[in-house]
Amino acid sequence: MSEDRDPSSLSGVELFSPLSREELRDLERRVPGINLGRRQIFYPPWHRADSFFLLLEGRIRIYRVKGSREITLSVKRPGEFFGEAGLAGLAQGAYAEALEPSRVAIMRRQALQKLVAQNPSVGQTMIEFLVGRLSTYEDKLEEVSLKEASSRLASLLVRMVEGEGVDENGGYMIPTHYTHQVLATMVGCERPALTRAIASLKQAEVIWVSQRRIHVTDLEALRGYAEA
């Protein structure tokens with residue numbers, strides 16, 4: 001279910017889908033990029049800058065720390081943008097960490113304002129994505145309030161399949177390696193509860209795990225567990 005993207009340029013960034021190739025090439029000359037190592041912190045919660053960020057390669061985890069607990073808000077994939085709080089001059093309010101070697105492009109607020117003035121459709125696209133994210137956050141809040149850990153895990157895995165799943169023999173493989181600890185912070189539970197939830201879905205034969213990758217054998221059954 002994943003889409004092919006060009007990781008070497010801005011052409012794979014969802015926000016810039018309205019732009020022509022010529023406009024993208026011009027933008028690439030004005031947007032710097034940096035490389036991040038695995039587990040490298042890109043910014044802390046108190047980071048404040050007049051810019052936001054575009055993920056070109058890798059995976060970026062956005063998370064908060066409450067006492068001794070981590071809460072993962074989202075995991076960004078290539079083509080997604082993040083850190084939009086900087087566009088309003090606000091502190092980020094969360095950590096951004098590279099789950100694997102990653103490349104990030106940095107776009108200043110002034111550059112975005114100029115781009116939107118020239119291409120209003122980019123601004124409309126950004127609004128649509130932000131509204132979609134708000135809806136996703138509301139759904140996750142409802143899940144944490146009303147669902148058991150196994151159902152929340154099933155919902156998370158369905159979203160992963162839809163976002164990055166690779167077809168394989170009638171099922172799907174989630175290519176990103178997520179540790180049990182990271183998955184627990186994404187589901188909103190302690191690690192022992194996450195381990196039990198995985199065991200429950202494995203026993204139901206809707207997922208299996210091999211070489212630290214999760215494989216989904218029955219997506220429709222998994223959707224059923226997500227709705228339970």
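Me: Which residue in E7 is the bridge partner of Ile41?
Reply: Note that this is a predicted model. E2 and E7, residues 95-98, pair in the antiparallel sense over 2 bridges. In E7, the bridge partner of Ile41 is Glu97.

Me: Which strands are the edge strands of that open sheet?
Reply: The sheet is open, has 4 strands in the order E2-E7-E4-E5, and pairs antiparallel. Neighbouring strands are turned by 35° against each other on average, direction ignored. An edge strand pairs on one side only, and here that holds for E2 (41-43) and E5 (69-76).

Me: At about what angle does H5 run to E5?
Reply: H5 lies across two strands, E4 (60-66) and E5. Its angle to E5 is about 90°.

Me: Which residue of E12 is the bridge partner of Trp208?
Reply: E11 and E12 run antiparallel and are joined by 4 bridges. Their hairpin has 2 residues between the strands, and Gln211 takes a positive phi near 50° there. In E12, Trp208 has as its bridge partner His215.

Me: Why do the buried residues of H6 line one face of the helix?
Reply: The buried residues of H6 are Ala193, Leu194, Ala197, Ile198 and Leu201. An α-helix has 3.6 residues a turn, so residues three or four places apart point the same way. Seen down the axis of H6, the buried residues line one face because they fall within an arc of 140°.

Me: Which exposed residues sit on the face of H6 turned away from its buried side?
Reply: The buried side of H6 is covered by elements including H4 (149-164), H5 (180-187), E11 (207-210) and H7 (219-227). The face turned away from the buried side carries the exposed residues Arg196 and Gln203.

Me: How far apart are the end C-alpha atoms of H6?
Reply: H6 has 13 residues, 191-203, and at 1.5 Å a residue it should span 18 Å. Just after H6, Glu205 takes a positive phi of about 60°.

Me: How many of the 16 residues of H4 are buried?
Reply: At 1.5 Å a residue, H4 should span 22 Å, and its end C-alpha atoms agree at 22 Å apart. H4 is largely enclosed by the rest of the structure, because the number of its 16 residues that are buried is 13.

Me: Which element gives the largest share of the largest nonpolar core?
Reply: This core has 31 residues, and Leu157, Tyr178, Leu183, Ile207 and Leu222 touch the most other members. The elements that give two or more residues are H4, E10 (171-174), H5, H6, E12 (213-216) and H7. The largest share, 8 residues, comes from H4.

Me: How many residues are in the second, separate core?
Reply: Its members include Leu10, Leu24, Leu54 and Phe81. The number of residues in this second, separate core is 19.

Me: Which residues is Leu222 in contact with, leaving aside its neighbours within four places in sequence?
Reply: In the largest nonpolar core, Leu222 is among the residues that touch the most other members. Leaving aside those sequence neighbours, the contacts of Leu222 are Ala154, Leu157, Val158, Leu201, Val206, Ile207 and Val216.

Note on methods
Residues numbered from 1 in each chain as written. Predicted model: local features only at pLDDT ≥ 70, side-chain atom pairs only at ≥ 80, totals over all residues. Heavy atoms only, no water. Expected span 1.5 Å × (residues − 1). Buried < 20%, exposed > 50% of the residue type's maximum accessible area, 1.4 Å probe, protein only. Arc of directions from axis to C-beta. Contact = heavy atoms within 4.5 Å. Core = buried A, V, L, I, M, F, W, Y, C linked by side-chain atoms within 4.5 Å. Pairing = 2+ DSSP bridges. Axes fitted to C-alpha atoms, helices over the stretch in contact; angles between N-to-C directions.
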